[in-house]
Amino acid sequence: MSEDLESQLRAALTPVAPRDEFTQRLIARVTADKGTEPSARGIRRRSPRATAWWLSASMAASLLIAVGVQHYRQERREAERGLEARREVIEALRMTSQKLNLAYEVIKNQSSLPAEDKPGV
Amino acid sequence: MRNHILRIFFALMAPTLVWAAPNPRLALPEFSALAQKATESVTITLDAALLAMAGRFLNGNDPQDAATKEILKGLQGIYVRSYTFDKDAAYQQSDIDAVRNQLSAPGWNRLVETRSRKSQANVDIYIMVANNQATGLALIASEPRQFTIVNIVGAIDLDKLHKLEGQFGVPKLDIDAPKAPTPSIKK
Amino acid sequence: MNEAPPGFSDEQLAKARAGDTAALASLIRAHQRSVYSLALRLLGSRELAEDLTQEVFMQLNGNLKSIASNTHLLFWLRKVTSNRAIDQLRRRSRIEMTPLDNELLFTSSADGSDPLLQRHLRQLLLELSPPARAVLLLRYQEDLDPVDIAQTLEMPINTVKSHLKRSLEILRQRTPDPERSRCEDKSI
């Protein structure tokens, strides 16, 4: 059983690929930090001055993109956390209300009984 | 001389008095052994920061959200442990004793103790009061196949909480009738 | 599983370190499956897994020059992914009843294996504590031995072995007989 369980576990945990669209986006974003699109031709050569200019411009652009992406991701994470917290609050209060109602019903039913039938509370 | 002695006495007592201030936050165990047996388990841990975050995502124009926002005012924490089992007597009362024992500490007052022979549901509600205001609530509900512990820290309004019944799709419970399969939202 | 994935050589790693974006893209394609799967099965959510995968590769991009070899790269990716996921899980409060992301129901059955049982196992994995889950994933998804797992998670070796032993016991206890599970699995 132990070997069977472990082999089933290995089979269950075979790595899965993300969506193609995510992969494209991931490659685009990571390579954007390099300032150039993915290319099979390798690094393009430029003159030193042009290189310096391009380097500054692409670093500035990369920084803006990175800041923008980070900000967007942070906001999205905050929103996710906030919505999850909201769901949890509602669930917690729902459960509390349900149990309070249970108690109220018992008390209400007992108070409608004749005096000699009421159990002690 | 006497005043001097009294001052020394209170100075020595003060740390003890502060140290002994009642704490409405219960130490809730993980119940890991029971969680493994349970068919459903709910663990909710919301401190003041998370409650504040949740509050920002509650829509004041929605009746349920608005009612929830009202209740959240003044709360510093909500903690829930709930376990449901697929057979009776899957847990012992002694499993909950670690929590129940904390409620005999000074500060806690038992508000309600209900026992229903029909549904075998027991609900105990405790409240902690300071300066004529509730500062904490503890609820222990045990049924044959489920137990729930709720600890709320802060200024809880029981009346508002009870009135939430119907807001969250919780039907008005009739313990003499079988539970409806699908809860209906009461207006 | 400490070998470079097929199609990604030491030579390509050297090019990526030198700034070749095509080589960097190949690196991402070669390793994203492993990183994403680790993140997905630790965090239990496709969105969070995609976020984490992106963060890991962005961070790698900034640290590529310090990666000495493909072996080092694999170690780095597993370590950063696992530890970041565990940190995220620690920061979040959780409701055990949250339904599973549909992606986790993805069956990857090989011939002769039981897809329903595997789905059940993936579900049970999410009920383990984050460190125990990480240990099991590094063992059975990434095929690391306990010593490598201990280094990756910066955890004492005895703790790793203890997590493995206890987690397998839990899975064993909560896994129905394989013959019966095909007919009676109610967990889906």
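1. A residue is called buried if 20 or more other C-beta atoms, placed from the backbone, lie within 10 Å of its own, exposed if 12 or fewer do, and partly exposed in between. By this criterion, buried residues form 28% of the 187 residues in chain B.

2. This is a predicted model, in which local features need pLDDT of at least 70 and side-chain atom pairs count only at pLDDT 80 or more, while totals for chains, interfaces and linings use all residues. Residues are numbered from 1 along each chain as its sequence is written, with chains lettered from A and ligands numbered from 1 in the order in which they are written.

3. Chain B contains six helices and six strands, taken as DSSP runs (helices: H or I, at least four residues; strands: E, at least two) numbered from the N terminus.

4. The six strands of an open sheet in chain B are arranged in the order 1-2-6-5-4-3, with antiparallel pairing; two strands pair if DSSP finds at least two bridges between them. Strand 1 (40-47) and strand 3 (108-115) of chain B are the edge strands, each pairing on one side only. From one strand to the next, the twist averages 10 degrees.

5. Within chain B, strand 4 (residues 122-130) and strand 5 (residues 133-143) are joined in the antiparallel sense by nine bridges. Met128(B) lies opposite Gly136(B) of strand 5 of chain B. Helix 3 of chain B packs on the sheet, where it touches strand 1 and strand 2 (75-84) of chain B. The direction of this helix makes about 95 degrees with that of strand 1 of chain B.

6. Between chains, 35 residues of chain B are in contact with 27 residues of chain A, contact requiring C-beta atoms, placed from the backbone, within 7 Å. Helix 3 (residues 48-56) of chain B supplies the largest share of the chain B side, five residues. By class, that side has 25 nonpolar, six polar and four charged residues. Ala, Val, Leu, Ile, Met, Phe, Trp, Tyr, Cys and Pro count as nonpolar, Asp, Glu, Lys and Arg as charged, and the others, Gly among them, as polar.

7. The axes of helix 2 (residues 20-32) of chain A and helix 3 (residues 46-63) of chain C come within 10 Å and cross at roughly 30 degrees. Axes are lines fitted to C-alpha atoms, for helices over the stretch in contact, and angles between N-to-C directions run from 0 to 180 degrees.

Key. Two residues are in contact if their C-beta atoms, placed from the backbone, lie within 7 Å.
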